[in-house]
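This report describes a sheet, the helices around it and the charged pairs within the fold. Please consult the sequence and the model shown here while reading.

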Amino acid sequence: MSLKKQLILNHQALLVEDDPIQQKIIGTMLSQLGYTIDIVGNAKDGICRLQDKIFNLVVLDLGLPDLPGEVVIDAVRKCTRNSDALIIVTSAHADKKNQQRCLHSGANTVLVKPIYMENLEKVIYPSLQNINKHTEFTF
């Protein structure tokens with residue numbers, strides 16, 4: 001097992017995604033990276049889960065059915081126990097304006113779907129050193 005994957009072992013990830021296919025794909029990739037994952041299908045459930053558990057990573061779909069993704073970003077940053085979590089926003093329709101809005105709201109990065117393992121690794125592994133830097137990745 002690589003040193004990077006060993007650093008992730010026992011880390012918790014919250015995946016907030018309404019599409020069951022994307023839940024499966026992204027959830028599998030996060031598991032392969034070593035994360036233990038909680039998956040919820042909407043923003044309200046994601047916000048509730050933040051109150052129950054400490055997460056190292058939040059992967060968030062921007063276009064959720066109940067509330068905008070920015071509301072979840074704000075909830076993560078305001079939640080004392082999860083305020084330092086790495087936030088990766090995903091979207092099939094993230095134009096430059098939406099990407100900047102997410103970063104300004106407190107997301108660490110925005111990935112445009114489809115999401116690939118290499119893209120997750122490029123975002124997650126450097127964050128193990130310093131999760132407070134905001135970096136924009138568009139693949």
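Glu 70 counts as buried, at 15% relative accessibility; buried means under 20% relative accessible area, exposed over 50% and partly exposed in between, with a 1.4 Å probe and protein chains only. The model is a predicted one, in which local features need pLDDT of at least 70 and side-chain atom pairs count only at pLDDT 80 or more, while totals for chains, interfaces and linings use all residues. Residues are numbered from 1 along each chain as its sequence is written, and side-chain values use heavy atoms, with hydrogens and water left out.

Glu 70 forms a salt bridge with Arg 101, with 2.7 Å between the closest N and O atoms; the term denotes a side-chain nitrogen of Lys or Arg within 4 Å of a carboxyl oxygen of Asp or Glu. The pair links helix 5 to helix 4 across 31 residues. Arg 101 is partly exposed, at 37%.

Other buried residues of helix 4 include Val 72, Ile 73 and Val 76. Helix 3, strand 3, strand 4 and helix 5 (96-105) are among the elements that cover the buried residues of helix 4; contact means heavy atoms within 4.5 Å. Helices (H or I, at least four residues) and strands (E, at least two) are DSSP runs, numbered from the N terminus.

The axes of helix 3 (residues 43-52) and helix 4 (residues 69-78) come within 10 Å and cross at roughly 5 degrees. Axes are lines fitted to C-alpha atoms, for helices over the stretch in contact, and angles run from 0 to 180 degrees between N-to-C directions.

Five strands form an open sheet in the order 2-1-3-4-5, with parallel pairing; two strands pair if DSSP finds at least two bridges between them. Strand 2 (36-40) and strand 5 (109-112) are at the edges with a single partner strand each, so one side of each lacks a neighbour in the sheet. Strand 1 (residues 12-16) is joined to strand 2 by 5 bridges, and Val 16 has Val 40 as its bridge partner in strand 2.

## Further salt bridges

The whole structure contains 6 salt bridges. One of them joins Lys 113 and Glu 17 at 2.9 Å, N to O, linking two loops 96 residues apart. Glu 17 is buried, with a relative accessible area of 1%, and Lys 113 is buried at 16%.
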